[in-house]
Amino acid sequence: MRCVPELKAKPYKIDFIEIEMPFVHPFRTSFGEQLDKQAILVRIEDEDGNIGWGETSVDDAPGYSYETIVTAWHIQNDFLIPILKDNNDLSISRIMKKFAPVRGHEFAKAGIESALLSLKAEQDKVSLGEIYGATKTEIPTGVSIGIQRSVDYLVKRVGEFLDKGYQRIKIKIDRGWELEPIEAIRKEYGDIDLMVDANSAFTVDDVDIFRKMDKYNLTMIEQPLAYNDILEHKKLQEQISTPICLDEPIHSPRDAILAVEYGCGQIINVKPARVGGYLNAIEIAKTLGEGKVWCGGMLETGIGRLHNVFYQARSEFTIPGDTSGSDRYYEKDIIFPAVEVNERGYIEVPKGKNLGFEVAEERIEEIAIRKISHKLF
Ligand code: OSB
Ligand code: MG
């Protein structure tokens, strides 16, 4: 099945709403600590009043990606909106191609694309899952746990998520916070599905640390080396047996294919926003196939998270992803009901029209920091 969504009617009005939501727990990685989530929600309406919702899930600092809440706002309002105003095309993939003269800024583009795809689902009165080629009724899921104040506390946190049913545990590692936490988790919980994410904290000179990691039978090691490197990862992969998974440097289907074909990594953490949107993310899943892809996250609000749920309901996604329940991130999400993980570690794919769940617009008003509206014609 080819994914070539065509809108039934042109987008008429587009709103960007910047929001900030506190996390229930601070999220610490090798590149810094986050206390709240920034995002630019995208609401697109057609002349018949159909509404699509998307999310630009950037951070406030250029730690994970060079894109920030300020750059995304600038790129969307000053460059992408003028392209949309000039556009008469109804094909979402052709609209995305018109964004190509704006180099990079995948998160900014993906935010708009996700709202267009949701508008398409609304116009057709179908689930967004149908647009994304979803075939599953539930998705296997895991949790990404940040760096904690002590190894004991981390072990306790891991236990809480295992009790809740999460199928796979990913822990963030950093220099000096690697072998000891892994050893402690293995000792306490035995042969659970365990992986680590370094967010680029190491270099190839650290090969000894990764050789030692091999004995813990980790499912994979995510992004051990530089955020903008693919090749060095190949040199590391040749010296260790644990599969390497790439995250930060993969910005397009071409990057993903190059990395896997050349043995720089065996698996890709696909974050649809990081690769310029869901259409590119679908292309990656189709090209690489089962066992080579799983869906990552950017601690999205409920809107971005639901998009990720539908994407992962495609048949290629058998590796549990990072999409966790709403309560793992926020006290009060912006969708109703909240996303829940069942005791077997699955998230049920919503069945209703479009996102399946309601968007809590009053809650969005409460946490909005700024908002701008554009009429497209
Ligand atoms: O590296 O995968 C990452 C969150 C923010 C930025 C980068 C990463 C992450 C996560 C959390 O690991 C994924 C999630 O729960 O959404
Ligand atoms: Mg990562």
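Chat about a two-domain predicted model

Modeller: The domain assignment of the chain gives domain 1 (11–125 + 358–375) and domain 2 (131–348); such bounds come from an automatic or database domain assignment.

Colleague: OK, what separates the centres of domain 1 and domain 2?

Modeller: 23 Å, taken over C-alpha atoms. Their contact (heavy atoms within 4.5 Å) takes 40 residues from domain 1 and 43 residues from domain 2.

Colleague: And how much do domain 1 and domain 2 bury between them?

Modeller: About 3400 Å², with 66% of it on carbon and sulfur atoms. Buried area here is the accessible area (1.4 Å probe) that two parts lose on being put together, summed over both.

Colleague: How many salt bridges across that interface?

Modeller: The rule finds one between domain 1 and domain 2, where a salt bridge is a side-chain nitrogen of Lys or Arg within 4 Å of a carboxyl oxygen of Asp or Glu. Glu366 and Lys332 pair up through their side chains in a salt bridge, 3.9 Å from N to O. By class, the side of domain 1 that touches domain 2 has 21 nonpolar, nine polar and ten charged residues. The classes are Ala, Val, Leu, Ile, Met, Phe, Trp, Tyr, Cys and Pro as nonpolar, Asp, Glu, Lys and Arg as charged, and the others, Gly among them, as polar.

Colleague: Switching topic: is Leu306 buried or exposed?

Modeller: Buried, with a relative accessible area of 0%. The cut-offs are under 20% for buried, over 50% for exposed and partly exposed in between (1.4 Å probe, protein chains only).

Colleague: What is Leu306 in contact with?

Modeller: Leaving aside neighbours within four places in sequence, Leu306 contacts Ile335, Val339, Pro350, Leu355 and Phe357.

Colleague: And Asp197, buried or exposed?

Modeller: Asp197 counts as buried too, at 1% relative accessibility.

Colleague: Which side chain does the Asp197 side chain make a polar contact with?

Modeller: That of Lys172, at 2.7 Å. Not counting residues up to four places away in sequence, Asp197 touches several others, including Glu222, Gln223 and Asp247. A polar contact is a pair of N or O atoms within 3.5 Å; within protein, one must be able to donate a hydrogen and the other to accept it, and residues adjacent in sequence count only if both atoms are side-chain atoms.

Conventions. Residues are numbered from 1 along each chain as its sequence is written. Chains are lettered from A and ligands numbered from 1 in the order in which they are written. This is a predicted model: local features need pLDDT of at least 70, side-chain atom pairs count only at pLDDT 80 or more; totals for chains, interfaces and linings use all residues. Side-chain values use heavy atoms; hydrogens and water are left out.
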